[in-house]
Amino acid sequence: MLANFFSKSKPVNFIVLFLLFLSYYFVTLFSKNITLFSIGKELFLFIVLFSIYIFIITKNEVTYDNSYAFLFYTILIGFFIKNIAVGSVFYANLTILLFLRKVYSLQSSKNIFHKLFDGGLWLGISFIIEPFTIFFALLLYASTYLHQRFTYQTLLIPVLGFISPVILYFTYCFWYNALENFFLLFSWKAPSDFSLYLENDYLFPIVFIGFFTLFAILLKTPKALAILNRFRKNWILVLFHLIVSGAVFVLIPNKSGIEFLFLLFPTSVILANGLEIFQKKWFADVFIIVFVIASITVFFL
C-alpha cells in the first residue's frame, strides 16, 4: 500500500511527506528552548531545502517517476532531526544543493557554460561558509566528464565562477581590516575526535542506514551498469557523490551531527533506487515501514 502510494510523483505525496517531517520536527521541540520566530525561520529554510531537493530529483532522472527518493530523504532527516540546527553547516548544505542543481543538470547540453559558471559560483559561496566543501568540485568535473567532455572552457569556467565570490569576500575582509578571517578559509585542520558517533543515537542510525545503503548499491549497480543510457551515467555520478560527501562529512570539524546533511542526498537516491528493484509491493512496504520505525526508535535512545 505504501509503495503504491509513493510510486508516483504527485502533489499529495509531497504534502504527506512534509507532514511526516513536521511530525519529526515538532517532537524535537519538546527538548529544545526555541522561540516562535526561530521555529518559523527553520521551517521556511526546510521548505527551501525540500524544494531544491525535489527540483533536482524530478528534473534529472536520478530515479524513476516516483516519490521514493523524497520519502527516504524525509525519513533520513527524521533520524538526525534532534541534531539539525540552523547554522553554518546547514547553510553550506543548502548552498551545496543549489550547486548540485547545476551538477546533475549537465546531462543536458543546454547552456553548458552557464551551468558550469553557476556551479562554480555556488561552490565558492559554500567554500566561504564551510571550506571543506571545496572537495565537491570533484563532483562537478566528474559530471562534466560523464555527460559532456573536457575542453579548456569546461575546465576553466568553474574556476572563474568559484573565485568570483572568494575575491569579493577577500575585498570585504581587506576593506574592514579583517584579513585573518579570509586566511582562516585555508587553515584546514582535520578532526581527530569521532567519539560522538559512538553514542547510541548516532551509532544506531549509522549502522542501520549504512547496511541498507550498501545493500541497495549491491542490488542496483549490476543492473544500472548493464545498460548504456543516461541513467547509467547518473548512477555512477550518485555513487561518486556519496564518496565525496563521505569525505566532506569526515573532514568537517566541530562534530555535532548536522554534518550528516551532506550524506542525505546521495543516500536517499541510492535507497530509492534499491526500493524500485523489488517486484513484490508488500516487500517494499515492509522496507519502508522498517525505516519509519527505526527513525522513531532513535528518539528513545
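Predicted model: local features only at pLDDT ≥ 70, side-chain atom pairs only at ≥ 80, totals over all residues.
Q: Is Glu259 buried or exposed?
A: Leaving aside residues up to four places away in sequence, Glu259 touches Val89, Tyr197, Phe249 and Ile252, where contact means heavy atoms within 4.5 Å. The scale for accessibility sets buried under 20% relative accessible area, exposed over 50% and partly exposed in between, with a 1.4 Å probe and protein chains only. Because the relative accessible area of Glu259 is 0%, this residue is buried.

Q: Which residues does Lys220 touch beyond four places away in sequence?
A: Lys220 lies in helix H10 (residues 200-225), and its relative accessibility is 7%, so Lys220 counts as buried. Its contacts, not counting residues up to four places away, are Tyr64, Phe231, Trp235, Asn273, Glu276 and Ile277.

Q: How are H5 and H11 oriented to each other?
A: Axes are lines fitted to C-alpha atoms, for helices over the stretch in contact, with angles from 0 to 180 degrees between N-to-C directions. The axes of helix H5 (residues 88-104) and helix H11 (residues 230-251) come within 12 Å and cross at roughly 150°. Angles under 35 degrees count as roughly parallel, over 145 as roughly antiparallel, 65 to 115 as roughly perpendicular and the rest as oblique. H5 and H11 are therefore roughly antiparallel.

Q: How many nonpolar, polar and charged residues has the contact of H5 with H11?
A: Leu100, Val103 and Tyr104 of H5 and Asn234, Leu237, Val238 and His241 of H11 make the contact. Ala, Val, Leu, Ile, Met, Phe, Trp, Tyr, Cys and Pro count as nonpolar, Asp, Glu, Lys and Arg as charged, and the others, Gly among them, as polar. By these classes, the contact has five nonpolar, two polar and no charged residues.

Q: What is the handedness of the crossing of H6 and H8?
A: The axes of helix H6 (residues 112-129) and helix H8 (residues 152-175) come within 7 Å and cross at roughly 35°. A crossing is left-handed if the near helix is turned anticlockwise from the far one by less than a right angle, and right-handed if clockwise. The crossing of H6 and H8 is right-handed.

Q: What is the value of phi in Asn254?
A: Most residues other than glycine have a negative phi. Asn254 is found in the loop between H11 and H12 and counts as exposed because its relative accessibility is 72%. Although Asn254 is not a glycine, its phi is positive, at about 55°.

Q: What radius of gyration does the protein have?
A: The protein has 13 helices and zero strands, and its C-alpha atoms fill a box of roughly 60 × 50 × 35 Å along the principal axes. The radius of gyration is taken over C-alpha atoms, and the globule rule is 2.2 Å times the number of residues to the power 0.38. For 301 residues a compact globule would be near 19 Å, which agrees with the protein's radius of gyration of 20 Å.

How values were computed
Residues numbered from 1 in each chain as written. Heavy atoms only, no water. Helix = DSSP H or I, 4+ residues; strand = E, 2+ residues; numbered from the N terminus.
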